[in-house]
Amino acid sequence: MKKLLIYLKEYRKESILAPLFKMLEASFELLVPLVMAAIMDQGIANQDMPYIWKMAMLLLLLAVVGLASSLTAQYFAAKAAVGFSTKVKHVLFRHIQTLSFSDLDHVGTPALINHMTSDMNQVQNGVNMVLRLFLRSPFIVFGAMIMAFTIDWKNALVFVVVIPLLTVVVVGIMLLTIPKYRTVQEALDRVLGITRENLTGVRVIRAFHQEEQEQMHFYEQNDELTRLQLFVGRISAFMNPLTFILVNAGVIALLWSGAVQVNIGNLTQGEVVALVNYMNQILVELVKLANLVITITKAVACGNRIQTILEIPAAQTFSDIPVAEQPAADIAVEFQNVSFTYHGGGDKALCHLNLKVKRGETIGIIGGTGSGKSTMIHLIPRFYDATEGKVLVDGVDVMKYPKEQLRSKIGIVMQKAVLFQGSIRENIAWGNESAGEDEIIHALELAQGMEFVNQKEGGLDAHVTQSGKNLSGGQRQRLTVARALVRKPEILILDDSTSALDYATDAKLRQAIQTLSYDPTVFIVSQRTVSIRHADRIVVLDDGEIAGIGTHEELLNSCDVYREIYESQYHKEVQGA
Amino acid sequence: MSRNVNDEKQNSGIWKTFRRLMRYLRPYGHILCFSVMTSLISVGLTLYLPILTGRAVDAIIGPDAVDFDRILEILIFMAASVAITALAQWVMNVCNNKMTYSIVRDVRRDAFEHLQSLPLKYLDAHTSGEIVSRIIADVDQFADGLLMGFTQFFTSLITIFGTLIFMLTIHPMVTLVVVCITPVSLFVSAYIAKKTYHMFRMQSETRGEQTGYIDEMISGLRVVQAYHREEAVAERFDEINRKLQKRSLKAIFFSSITNPATRFVNSLVYAGVGITGAIAAIHGRMTVGQLTSFLGYANQYTKPFNEISGVVTELQNALACAARIFAFMDEEPQTPEAEDAVVLTDVKGNVGIHDVSFSYVPDQKLLEHVTLAVRAGQRIAIVGPTGCGKTTLINLLMRFYDVNRGSITVEGEDIRHVTRNSLRDAYGMVLQETWLKTGTVRENICMGYPEATEEEMIEAAKLSHAHSFIKRLPQGYDTVITEDSDTLSQGQKQLLCIARVMLCRPPMLILDEATSSIDTRTEIRIQKAFHQLMQGRTSFIVAHRLSTIQEADVILVMKDGNIIEQGNHEELLAKRGFYYTLYNS
């Protein structure tokens, strides 16, 4: 959290002035009982009307000045807090964008989104509250005590006893209940879990007629939750009565010792009233202070989470010097003894991989889940860096390329078809910002997407909602293919990206890619043999190792793993043949 | 005119909700009485304390003019009042807790019970998140808002009237000052709330926009990086961020005026009481002690007003939540079992579908006049592109939904005249979206047959090719599986689901083949397990594998929710229809 606070620097003036003005307000508030005491002792006792009016005007003045300084403080606090969180969000968002794929895997998308949204709100709220209250509340509590001392030190000793006792009660009860509230939350999560489970599994539960068992299970957890809630409730029910007793015990003590002091002439009647008023003031502020502590704890926890994200170092460095284009390098992509291990993921995902891919060649990659297919092709645009060995593009180690130069050579269509809010045209133009209308249309035609785009209202300008939720899976996949094609990449990678297309469309798309005029090097990753059987060469991966390379026919004869996959999909055909 | 009717309707709705809530309150009526009584005591005594303080002050006039006997008497009285008040407060807190949490428990219980009786038609039409938030969040909100709000409303109300009465007994004129100025704070806070409402809406709108953008861009970050669009994306983000900054500042600042403003009004009341009280005191119509009591009241008098205005919105919100929960509980449960429903026994596996028509939405035709006779032991493959409604058939066979027209029979018995449990017992179902409950592997396998012996369970696991991997789990059959744990792969989960059915040995099967995301080896195991399972049983299979399809006795080809072709592999190929194109692509 500490490191985040440097972003408050821009608002240094506001962050200092806000608490100061709050203190100013508090000191005016602390003067009120004294003025009232003066009214009683001087004005009423001496029957001095002009004095009373003067003092009443003073009270009004205090109120107005108090209001003015408080408003100033609120404004500065809000400005500093909002400005601070805006700045941190700005920095955080840019930092998240530089995270490597392994960092993204490690931290997880939901966590990142959470940090950017709810954690940031908590921090903003925390900063705001601290600026507003952190000085005010202690100032009033201790200020009241100091004012009591200025009136009469013997009576002020009552404050010295009551304030620590109150603190112990308020803080003690909070310390006792906070961890208990966590157990309550856990119990509530369990009740929620059962409810959710009963909804997601409703078919199975009814098929096995488990309704009654589930109901009993729910009752148990529900009762447990109630029991815990009552238990915590019983503890926190002590808060109000105990503080009430303490403060009023203080008042009683003040009245008695005050009476003694007045009797010997050390104190006036008005001053006793002032002391009682101070005693009543501290309770409210102490409770506020306790709540502030909770807000701060939460905000600091959130702030720390944000800081850990900001502290993730840039795992990958890219060169700044462009690589001179080597015309007509014969080998487009080469894997030299490449191994890869995922962050914290024990076994090697790829193991000593060697492969040379000629320019213009189409490579099919097949294998079961977890065999390393996606990993392999993700090494080409440096989404991940090989743990061992080298990946070369156009004969040059990918590590030597500047980020933009390397990635602009590659058009990749990922497994998950991701689109963004905007028009269809804008989404496709991500691939190539300078693409003209006809280029976009051409790319869409190749991707077999023109037909459905034409049916949309607005055609190319039809709106795509957030994450493309208003399109079907197949439509999204075709648009992502078009997005990759529109940049006319030297290397085209299709990572299991046609799974939602029916067989016929899938086949047409593959044919279209074969006819591309600029003859890219193509990688097609798939689980289905039909998708890759016409590739120039097929790479069969099994547990991160190459189990075979060759054409469909060659592999059927030579590669067991390939045959196994093929037969599980074309069982009878083969038997019949 | 129509608005009036609407308002009336709404009002009667609120009353209905309220009356229904009262029914839940009834068992705790004695606690409510106790709570009301103790809150009366505590509020009354709390208000009496400033008067006692004032009297004590009046006994402290000046040097050698202190009436110690009287002070002692008053202080003892004060101490007693404080003790009783504290006790009353505690009892009140405990009562309110007991009442709130018990009612929450009862409502949740009933809601969950109702959930079990709802037809799938309702459950499919609502997301699980929606229903969960009914049973969890809404119930919490309404409990907090309604009961806490109710008690707060009540105590605030007594405080206001109590204070008024106490003040009037001391001095009517000064009371008038308090009564006239205090409502200003209400107006001020209401005014600010009204003014800031718009700003808050703008803020949350922009915040929503930002959250949406963050969600979209972080989820799609890999694509952003692949296409090197970081800069453009970040610029757009900053744009939204700046907009949010402006709007947040406005909303936060203007709403934070409320507290200083009400404090200001409070100071006005204080000053007003001070001056009028002092004047009254000079003329001997009031003592200094009474002025002290007044100042005590003046300090607190705005509080209950502000609380009430806060409570009213909370109450409205709570009633809205309650209304949603009750609406959920009023959803029509599934058709009750027929009175003469028979228990299916000795099922061999003969299923008849007789001229069945069905649709989820009345005017959207789906299945039309489907007829099919399935003999015991036959295999029926259902094929078609994704989203063609293959699950519809499963829904009807299992009677998750009832047919609109025609009938489905098992062993000649209309399934609507059969108890649901015995019908569902006759089927074993393995769905593609594997569902396992939180619990041990053992509990999951024995779900349909809890009385199974250890040997029977292991036998079933072995037949399903699940035993070997279960053995390797950290605690074997006692390993706990949770919904989102990675202990098991997708394929292993499916094997467990198969074992679950294998143990029950039902005469008929409904199987849903997985499309992808299972590695080849497990896939082969699953197919073997399916084969083992299908031996001699009538099976309905949602099929993706060509091999499964070819071996089926009857293939149902579905498209857009309807069965368009029906026959075996050779017949369908000869037809050169949709199946032919599917097969040859």
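Mentor: Two strands count as paired if DSSP finds at least two bridges between them. Helices (H or I, at least four residues) and strands (E, at least two) are DSSP runs, numbered from the N terminus. This is a predicted model, in which local features need pLDDT of at least 70, side-chain atom pairs count only at pLDDT 80 or more, and totals for chains, interfaces and linings use all residues. Residues are numbered from 1 along each chain as its sequence is written, while chains are lettered from A and ligands numbered from 1 in the order in which they are written.

Trainee: In which sense do strand 3 of chain A and strand 10 of chain A pair, and over how many bridges?

Mentor: Strand 3 of chain A pairs with strand 10 (residues 521–526) of chain A in the parallel sense, over five bridges. The rule asks for at least two, so five bridges make these strands a pair. In one of the bridges, Ile366(A) has Ser526(A) of strand 10 of chain A as its partner. Strand 3 of chain A also pairs with strand 11 (residues 537–542) of chain A, again in the parallel sense, over four bridges. There, Gly364(A) has Ile538(A) as its bridge partner.

Trainee: Why is strand 3 of chain A called largely enclosed?

Mentor: A residue is buried if 20 or more other C-beta atoms lie within 10 Å of its own, exposed if 12 or fewer, and partly exposed in between, with C-beta atoms placed from the backbone. Five of the five residues of strand 3 (residues 362–366) of chain A are buried, so the rest of the structure largely encloses this strand. Thr362(A), Gly364(A) and Ile366(A) point one way, Ile363(A) and Ile365(A) point the other way, and all are buried. In a regular strand, side chains alternate between the two faces of the sheet.

Trainee: Is Asp496(A) counted as buried or exposed, and why?

Mentor: Asp496(A) has 21 C-beta neighbours inside 10 Å, so it counts as buried. The residue sits in the loop between strand 9 (491–495) and helix 17 (503–514) of chain A. Its phi is positive, about 45 degrees, although Asp496(A) is not a glycine.

Trainee: And what makes Arg399(B) count as buried?

Mentor: Arg399(B) has 21 C-beta neighbours inside 10 Å, so it too passes the cut-off. Arg399(B) lies in the loop between helix 11 (390–397) and strand 4 (405–410) of chain B. Its phi is positive, about 60 degrees, and Arg399(B) is not a glycine.

Trainee: Why is chain B called more spread out than a compact globule?

Mentor: First, the contents: chain B has 20 helices and twelve strands. The radius of gyration, taken over C-alpha atoms, is set against a globule rule of 2.2 Å times the number of residues to the power 0.38. For 585 residues the rule gives 25 Å, but chain B has 36 Å, well over that, so chain B is more spread out than a compact globule. The C-alpha trace spans about 115 × 60 × 60 Å along its principal axes. Buried residues make up 42% of chain B.

Trainee: How far apart are the centres of domain 1 and domain 2 of chain B?

Mentor: The domain bounds come from an automatic or database domain assignment. That assignment divides chain B into domain 1 (1–165 + 304–334) and domain 2 (351–584). Their C-alpha centres are separated by 52 Å.

Trainee: Which strands are the edge strands of the open sheet in chain B?

Mentor: That sheet has four strands in the order 2-1-4-5, with antiparallel pairing. Strand 2 (367–374) and strand 5 (413–414) of chain B are its edge strands, as each pairs on one side only. Strand 1 (residues 351–358) of chain B pairs with strand 2 of chain B over five bridges, and Val351(B) has Val374(B) as a bridge partner.

Trainee: How many residues does the contact take from chain A and chain B?

Mentor: Two residues are in contact if their C-beta atoms, placed from the backbone, lie within 7 Å. The contact takes 119 residues from chain A and 110 from chain B. Helix 2 (residues 49–97) of chain A gives the largest share of the chain A side, 23 residues.
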